[in-house]
Amino acid sequence: MFGWKQSNAAAAKPPSPEPSPALAPVAPSQQDELMRRWIAFAGMQQRVIRTLVSEIQQTSAVVETEADSLSSRFQRLAVCAGQQTERVESLSKLAMGIEVDGEAIAIDRIAGLLEETLSDVVEKILLLSKDAMSMVYALSELNGNVNRVDSCMEELNKINRVTNMLALNARIEAERAGTAGAAFRVVAGEVRELSSATQRLSVDMATELHAVTQGIENGHETLQRVATIDMSQNLMAKDRLELLMNALIERGGNLTEVVNEAMKEAEVISADVAGMITGIQFQDRTRQRLEHVVDTLRVVDEALDELKTTTADVLDEPVVETTIDNEWVKTLLDRFTLGELRSRFVAQILEGKQPADPSETEASPSQTGTIELF
Amino acid sequence: MQIHMDNAGGPIAMSGEFTFSDHVPFKQMVTEIFAAPGRSVVIDLSKLDFIDSAGLGMLLLARDEAKKNHRELILRRPSGQVKRMFAVTKFNTLFTVEE
């Protein structure tokens, strides 16, 4: 993959065209060369390990910072979700009725009260209409009676006129009779006087009767005005109000349904947010895992260091890095798709720069919020 | 309002608009029908287009008159505005209302 096999073979094989035996012993110089190669590569591996350690620590720091930030945001979200649930709950109460003098009255109860009141009004209107018509009937009847009394008065006047005429005739006859008719003259005078009195009484009665008739007519007219006030529109108002109240009850029901759904959803959101906060808080376990990985890598690094030193001690010549290892690293780095990461690896592995202190590279959430697209 | 009376004792039919101005003929009709023998009196209202509160009052007086004479007043097939008025005033609890 990295071309070591070929390069190692090229370095190990003598230029002789004759094939060497498969299990031929390796010369001491070749062993030294391989050891130097191993030490050089171990150095490279150490740099890779240290860079990885640094990268893991930085990533862990970034993840922790982000997790803290997310946790804070979710906690704020949880508070908001709780408040939202409370608001929805209060909206639910509002949808179900109104508050009067501190007492909550449900819409259907309002409708019931309104229906009760309107039924009472309708009942009174009916009673009023019935009584008014009863009065109209009674006054019509009374008017008929008065008319009949008026006819009787007419008859009385006729009788009186005849009586008066009789008295006059009796007086004439008494005058003709001379002294013999003196007593008859007195009776005729009394009858005439009686007729005059009856006439005066009749006139008085006619006047009184006229006043009664006038009163009845006025009463009838007034009653007619009352009775002809059409209350049918007022009665139909009950019908319309009932329709309105039914629509209001239906709307209240729909609103309650929607609000209840919203409450359920708000509770689900609150529960989800709480779950997310708990999930984010498990980041601590991830950090511990990464610390174990870093610790293991450091142990490997130390082991390599020790083995490298021990091996270098037995070699005559110092170890120098070869371009083959650099090529291997470059081939490794070609696999990286993140430019920023690749730059850090180049700087630290190939250029020998020291890894950054993870504590200094703890980025704020806003700084790490950018994502490299590739 | 027009009143159609069947001399053979059939139902009485009212048509047009029943308002205060009809109190004289209506009273006369009520007097006549309760003067005649029988048990129940049926008034067909299917052709009655409108009734006002005075008309309702007169029907209630007719009901009282029926009770006084141990008779039953049946109102038949009210429609349109008359039917709505009957519903609002719950006339079906006061009269026998036939559909």
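**Close-up views of a two-chain predicted model**

**View 1. Where chain A meets chain B.** In this predicted model, 20 residues of chain A are in contact with 15 residues of chain B. Two residues are in contact if their C-beta atoms, placed from the backbone, lie within 7 Å. On the chain A side, the elements that give two or more residues are helix H3 (107–177), helix H4 (182–227) and helix H5 (232–281). H3(A) supplies the largest share, 10 residues. Helices (H or I, at least four residues) and strands (E, at least two) are DSSP runs, numbered from the N terminus. By class, this side of chain A has 11 nonpolar, five polar and four charged residues. Here Ala, Val, Leu, Ile, Met, Phe, Trp, Tyr, Cys and Pro count as nonpolar, Asp, Glu, Lys and Arg as charged, and the others, Gly among them, as polar.

Numbering and confidence are handled as follows. Residues are numbered from 1 along each chain as its sequence is written, chains are lettered from A and ligands numbered from 1 in the order in which they are written. Because the model is predicted, local features need pLDDT of at least 70 and side-chain atom pairs count only at pLDDT 80 or more, while totals for chains, interfaces and linings use all residues.

**View 2. Chain A, element by element.** Chain A has eight helices and two strands. From the N terminus the elements run α-α-β-β-α-α-α-α-α-α. Of the 374 residues in chain A, 9% are buried. A residue is buried if 20 or more other C-beta atoms lie within 10 Å of its own, exposed if 12 or fewer, and partly exposed in between; C-beta atoms are placed from the backbone. Among contacts in chain A with a separation of 6 or more, 83% join residues 24 or more positions apart.

View 3. Strand E1 (residues 97–100) and strand E2 (residues 103–106) of chain A pair in the antiparallel sense over four bridges. Two strands pair if DSSP finds at least two bridges between them. Glu99(A) has Ala104(A) in E2(A) as its bridge partner. Two residues lie between the strands, and Asp101(A) takes a positive phi near 50 degrees.

**View 4. Ala132(A) on helix H3.** Ala132(A) sits in helix H3 of chain A. Ala132(A) counts as buried because 20 other C-beta atoms lie within 10 Å. Leaving aside neighbours within four places in sequence, Ala132(A) is in contact with Leu223(A), Val226(A), Ala227(A) and Gly57(B). Thr228(A) is 96 residues from Ala132(A) in sequence, yet their C-alpha atoms are 9.5 Å apart.

View 5. The largest nonpolar core has 34 residues. Such a core is a set of buried Ala, Val, Leu, Ile, Met, Phe, Trp, Tyr and Cys residues joined through C-beta atoms within 7 Å. Met133(A), Met58(B) and Met85(B) have the most contacts inside this core. Elements giving two or more residues are H3 of chain A together with strand E2 (12–18), helix H1 (23–35), strand E3 (40–51), helix H2 (53–68), strand E4 (72–76) and helix H3 (80–88) of chain B. H2(B) gives the most, seven residues. Met58(B) touches Met133(A), His23(B) and Phe26(B), not counting residues up to four places away in sequence.

**View 6. The sheet of chain B.** Five strands form an open sheet in the order E1-E2-E3-E4-E5 (chain B), with mixed pairing. Its edge strands are E1 (2–4) and E5 of chain B, each pairing on one side only. The twist averages 25 degrees from one strand to the next. H2(B) packs on the sheet and touches E2, E3 and E4 of chain B; its direction makes about 145 degrees with that of E4(B). Axes are lines fitted to C-alpha atoms, for helices over the stretch in contact, and angles run from 0 to 180 degrees between N-to-C directions.

**View 7. Strand E4 of chain B and its partners.** E3(B) and E4(B) run parallel, joined by five bridges. Ser40(B) stands opposite Glu72(B), and Val42(B) has Ile74(B) as its bridge partner. E4(B) also pairs in the parallel sense with strand E5 (residues 96–98) of chain B, over three bridges. There, Ile74(B) stands opposite Thr96(B).
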